Amino acid sequence: MADGFIQWYREDVTTAVFAEQAEIFSEFGLKLIHPNRNAAVVLDIEGDDVLMSQEELGVLIGQRIASLTFNWWLTADTNVIDGYAVEVLGCETQTLWVDNLHPDEAQRVESAVMAAATRLPVPTRAVIVDRRGISDPDDWDSIALWDGTHVPAAPDHVLALDPIAERIQHAAGLRKEDTGGGRLSRLVPLRDPAA
């Protein structure tokens with residue numbers, strides 16, 4: 001079993017779009033710049049912190065030459081690890097790990113990703129929310145990137161292009177919610193898990 005995560009599949013992001021994403025995330029209390037260190041915190045291959053400006057990190061992402069792991073900050077002591085990767089077909093993923101967050105914090109992260117996915121000019125293919133960690137982020141690549149049909153487990157929420165959403169909906173037993181139009185559909189459990 002994996003840890004809780006939010007996996008965002010989209011087309012390629014430029015430096016300018018990354019700056020817009022950071023602005024949208026900040027509306028939900030997720031900051032790229034650490035409050036005390038005044039820099040973005042990127043993790044190197046050894047897991048050590050490398051401090052850099054938001055602009056430098058945006059340029060690295062815009063170059064699309066390597067996978068990166070960095071942090072978003074809810075507070076000076078509460079971080080969300082974000083794994084960015086360039087995928088085949090010109091797509092990319094961001095995996096935000098929400099397993100160590102309180103439910104309200106995880107909800108803020110989910111809301112930030114959903115807002116960015118619908119507001120940024122870069123097309124989103126899918127957002128998979130699995131807060132319980134009953135699947136692994138890589139398990140979703142087949143259906144989100146290559147038109148596969150295997151759905152690994154019933155996620156908590158999905159926002160996806162209609163063809164992808166339809167395949168997930170039928171296999172996972174989710175229901176579609178009205179999103180007010182557009183090419184993306186939102187899928188939720190048939191019943192509220194809290195009920």
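Trainee: Why is Trp-146 called partly exposed?

Mentor: Trp-146 has 47% relative accessibility, so Trp-146 counts as partly exposed. The cut-offs are these: buried means under 20% relative accessible area, exposed over 50%, and partly exposed in between, with a 1.4 Å probe and protein chains only. A word on the source: this is a predicted model, where local features need pLDDT of at least 70, side-chain atom pairs count only at pLDDT 80 or more, and totals for chains, interfaces and linings use all residues. Residues are numbered from 1 along each chain as its sequence is written, and side-chain values use heavy atoms, leaving out hydrogens and water.

Trainee: Where is Trp-146 placed?

Mentor: Look in the loop between helix H4 (141-145) and S8. Helices (H or I, at least four residues) and strands (E, at least two) are DSSP runs, numbered from the N terminus.

Trainee: What makes Asn-38 count as exposed?

Mentor: Asn-38 counts as exposed because its relative accessibility is 63%, and exposed means over 50%. Asn-38 sits in the loop between helix H1 (15-27) and strand S2 (40-43). Its phi is near 55°, a positive value in a residue other than glycine.

Trainee: And what is the phi of Arg-64?

Mentor: Arg-64 is not a glycine either, yet it has a positive phi of about 55°. Most residues other than glycine have a negative phi. You will find Arg-64 in the loop between helix H2 (54-63) and strand S4 (68-73). At 22% relative accessibility, Arg-64 counts as partly exposed.

Trainee: How do you know that S9 pairs with strand S10?

Mentor: Two strands pair if DSSP finds at least two bridges between them. Four bridges join S9 to strand S10 (residues 184-189), so the two count as paired, and they run antiparallel.

Trainee: What order do the ten strands of the open sheet follow?

Mentor: The order is S3-S2-S4-S5-S6-S1-S7-S8-S10-S9, with antiparallel pairing. Strand S3 (49-52) and strand S9 (174-177) are the edge strands, because each pairs on one side only.

Trainee: Which strands does helix H5 touch?

Mentor: Helix H5 (residues 162-172) packs on the sheet and touches strand S7 (124-130), strand S8 (157-161), S9 and S10. Contact means heavy atoms within 4.5 Å. Asp-162 lies in helix H5.

Trainee: What makes Asp-162 partly exposed?

Mentor: Asp-162 has 25% relative accessibility, so Asp-162 counts as partly exposed. Asp-162 and Arg-186 are 24 residues apart in sequence and 9.2 Å apart in space, C-alpha to C-alpha.

How values were computed:
Axes are lines fitted to C-alpha atoms, for helices over the stretch in contact, and angles run from 0 to 180 degrees between N-to-C directions.
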